[in-house]
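Dear colleague,

I am passing on a structure that you have not seen before. Please look through it first, and then read the notes below it.

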Amino acid sequence: WDMAYTRGGFFYGTYGSTFVWSRDGQFLAVACKNKIDILDVKERKSIKEFKVEGNPSTLCFSNDGERFVAAIPSPKFEGPTIMQWKVKDWDAQPELNLSKIKNVVTHLAPSGNYFLTREQKFDGSNPPLKIWHLKTGQISEITLEKKVENFVLHTDDKTLFAFAQGETPQD
């Protein structure tokens, strides 16, 4: 595809597009300006368009290729809405709406299997880290020993890296 001149492809301009390939390379998901397009690479055409409220900041296909996940930030600087679809038929799955949580830190695992959230408190308290298993909808909580500024889940879905204020990252 020649993205610059749109010969045989698609042009999305320079409006802060977010995009991700499916694990098998069959699909390219592109998000910009309140929508997500799913492109079939082999067929060179758009096969699905999702209208969303806001500009998706994170897109991910699950490692098993069964789910597609998007995080759409709230326009009011509150928590995002996490939307997901089954890739097989592009049916929408249950959403996780975090808009009631202020100052939320989020992380979508690279595998697409888990979504992690933690509310940032400025009163010295240490809220738990919430882990949402996207396939089952089950939410687990972990209370960390130290107040954590940020976190990432390794691609193995088992190792959590947490970054505490004023300390060097350790696993």
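In what follows, a residue is called buried when its relative accessible area is under 20%, exposed when it is over 50%, and partly exposed in between, as found with a 1.4 Å probe on protein chains only. This is a predicted model, in which local features need pLDDT of at least 70 and side-chain atom pairs count only at pLDDT 80 or more, while totals for chains, interfaces and linings use all residues. Residues are numbered from 1 along each chain as its sequence is written, and side-chain values use heavy atoms, with hydrogens and water left out.

By that definition Thr 18, at 19% relative accessibility, counts as buried. Thr 18 belongs to strand β1, where a strand is a DSSP run of E with at least two residues, numbered from the N terminus. Not counting residues up to four places away in sequence, its contacts (heavy atoms within 4.5 Å) include Ala 29, Val 30 and Leu 59. The C-alpha atoms of Thr 18 and Leu 59 are 7.3 Å apart, although 41 residues separate the two along the chain.

As for the sheet, four strands form an open, antiparallel arrangement in the order β1-β2-β3-β4, with two strands counted as paired if DSSP finds at least two bridges between them. Because β1 (18-21) and β4 (45-51) stand at the edges with a single partner strand each, one side of each is left without a neighbour in the sheet. Strand β3 (residues 35-40) pairs with β4 over six bridges in the antiparallel sense, and Ile 36 stands opposite Phe 50 in β4.
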